[in-house]
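Work through the exercises below with the sequence and the model at hand. Each task is followed by a solution in steps.

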Amino acid sequence: MFLRLLRKYSTGKLTQDLRLYDGRLKEKVPFQIQLRKPYISFYTCGPTVYDAAHIGHASCYVRLDILQRILRHHFQLPLITAMNITDIDDKIIVRAQQQSVNWQQLARQYEEEFWSDLNKLNVRLPDVKLRVTDHIPAIIRFVQTLIEKGFAYTTADGSVYFETSKYERYGKLQKVVIEPANEGKPGDKKHPSDFALWKASKPEEPYWTAPAPFADGRPGWHIECSTLASHLFGSQLDFHAGGLDLRFPHHENEETQSCCYHDVPDWVTHWLHTGQLHLEGQTHKMSKSLKNTVSINDLLKSYSADEFRMLCLLSHYRSAIEYGPEAMATARNVLRKFGSFFSDASAYIDGLKPATYDTTSTESLLTKLSETRTSVKQFLKNDFNTASSVLALGELASSVQRLINMSHDQGDEASRSSLIGASNVGAVLATTEYIREELSSYGLISANKHSAQYSHTTSEADQTLKHLIEAIVSSRSEIRLKAMETKDAQLFKVCDMLRDRLTVANVELKDHGKSSSWNFRERDTK
């Protein structure tokens, strides 16, 4: 399967200008991956599946999805992505006992929900999914090798620990102090910082048979990701990603044991850590233990997947992100402004808005388009600055709207007379398609929806609805033309009433001189 995935990609041209934040150096560094193979590895720490995912998890995976899309689309990097599923863990065992269900059944249930949630959020699923319990023999071999190399030891009960004092660079991701050795009973853990590679089983707990010197049991948390990523990508991992809260101890311990196992100075070339999500007015991260979580299903009852993705785009991936009515209103308004732009541009290109012959404005728009292209590239090269790129695209969209609405403001007859000769429709079309492509590259579904007017519904019932709306809009246009001819205030009121009632039904109607256009709005759910 892995070879089949590789055939999907051709070798991409790596940019020399991309700069990424290095948490060890606390500064941005040049992109350091040398492409010696036909793919670039990207491993993401997946969830421990003992409960439903919440929007704190969602913010991490949506942000990483955005970064992967940028790396593929803007930098043409041939990513192969992988994610693990931790389906054996203390939390899973405890939850299964509480609910009197089989631990495997519980894990599968929440794993299926997790993949379903990612689909709902338009997160591209990983190329390779790695379930921990499918790779227990490989984990055992990994632990055995660390014991043989002198980096791990067994305790009295047959558990296995990594001895952090044996690795001189322990703390490379986050500085730590190695405390003095324990003075407890012989056979205990030697140092407080030593971490479990293998946990001896307790009564009535699931376990796997392991060879001496360690007992039957199950893997520790950190060894799982090291083994799975090494199984797939070997001794060098190009990108390793996860939430900022995983940097220590999880990623620190992964890096430590993997360097020792593979005999390499550094296992991961670029670490990517996303900032944590918290509720507006709070400073601590969202956590089930604090009972301040919002499930992904509850999120999607109030907001669309695009609105949540825009929330993520409007902040830097490394920064904390606030979730609440004010932040989501901002995200919704940004999306609506782009929707309004696409609607106006479509009406202009289709001739519903009169085109203008204005060489100066056309050249100005094309110059603005070129400048925006350059700016967006620079923003994304600077450690994925999506917030500034979205702002630049919004300014470009506003420039287009000012241009195409200018002729309408000058009066309908004057505008129509300007149709003789060339117009700036081509420049507007080029700009519109560029903005659509950029927004689509970030995973925004609504940008594609506007690519063909009214194309987001395809069923027979939906087609009937569209025809009905078009009939209403056409009839209103006839009434409006009559009102303009007779200057009848009552007829104008009827037109306004029809427009307002369509708005309540999430149909946005716009008048352009003597013609009108319409489109579906994102439905309000609050």
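**Exercise 1.** In what order do the 5 strands of the open sheet lie, and is the pairing parallel or antiparallel?

Solution. The model is a predicted one.
Step 1. The order is β5-β4-β3-β10-β11, and the strands pair in parallel.
Step 2. β5 (128–131) and β11 (268–274) each have a single partner strand, so these edge strands are left with one side that has no neighbour in the sheet.
Step 3. From one strand to the next, the twist averages 20 degrees.
Step 4. Inside the order, β3 (residues 40–44) and β10 (residues 237–243) run parallel and are joined by 3 bridges. F42 has F239 of β10 as its bridge partner.
Step 5. Helix α4 lies across β4 (79–85) and β5, and runs at about 145 degrees to β4.

**Exercise 2.** Determine the layout of the open sheet of 4 strands and identify the helix that packs on it.

Solution.
Step 1. The strands follow the order β6-β7-β8-β9 with antiparallel pairing.
Step 2. β6 (152–154) and β9 (217–219) are at the edges; each has a single partner strand, so one side of each lacks a neighbour in the sheet.
Step 3. Direction ignored, neighbouring strands of this sheet are turned by 20 degrees against each other on average.
Step 4. β7 (residues 160–162) pairs with β8 (residues 195–200) over 3 bridges, in the antiparallel sense. Y161 is placed opposite A196 in β8.
Step 5. The helix is α5 (residues 136–148), which touches β6, β7, β8 and β9. Its direction makes about 120 degrees with that of β8.

**Exercise 3.** Classify the packing of α9 (residues 305–313) on α10 (residues 325–349).

Solution.
Step 1. The angle is about 105 degrees and the axes are 8 Å apart.
Step 2. Angles of 65 to 115 degrees count as roughly perpendicular. The two helices, α9 and α10, are therefore roughly perpendicular to each other.
Step 3. On the α9 side the contact is made by D306, E307, F308, M310 and L311; α10 contributes A327, M328, A331, R332, V334 and L335.
Step 4. Sorted by class, the contact has 8 nonpolar, no polar and 3 charged residues.

**Exercise 4.** Describe the largest pocket and its lining.

Solution.
Step 1. The space in the largest pocket is about 910 Å³.
Step 2. Its lining has 37 residues, and H57, K91, D245, L246 and K285 lie nearest the centre.
Step 3. By class, the lining divides into 15 nonpolar, 15 polar and 7 charged residues.
Step 4. α2 (55–73), α3 (90–99) and α4 (103–120) each supply at least two lining residues. α2 gives the most, with 5 residues.

Notes. Residues are numbered from 1 along each chain as its sequence is written. This is a predicted model: local features need pLDDT of at least 70, side-chain atom pairs count only at pLDDT 80 or more; totals for chains, interfaces and linings use all residues. Side-chain values use heavy atoms; hydrogens and water are left out. Axes are lines fitted to C-alpha atoms, for helices over the stretch in contact, and angles run from 0 to 180 degrees between N-to-C directions. Angles under 35 degrees count as roughly parallel, over 145 as roughly antiparallel, 65 to 115 as roughly perpendicular and the rest as oblique. Contact means heavy atoms within 4.5 Å. Ala, Val, Leu, Ile, Met, Phe, Trp, Tyr, Cys and Pro count as nonpolar, Asp, Glu, Lys and Arg as charged, and the others, Gly among them, as polar. Two strands pair if DSSP finds at least two bridges between them. On a 1 Å grid over the protein atoms alone, a cavity is a set of points where a 1.4 Å probe fits but cannot get out, and a pocket is an open set with protein on both sides within 12 Å along at least five of seven lines; lining residues have an atom within 4 Å of a point. Grid points are joined across faces, edges and corners, and a volume is the space filled by probe spheres set on the points.
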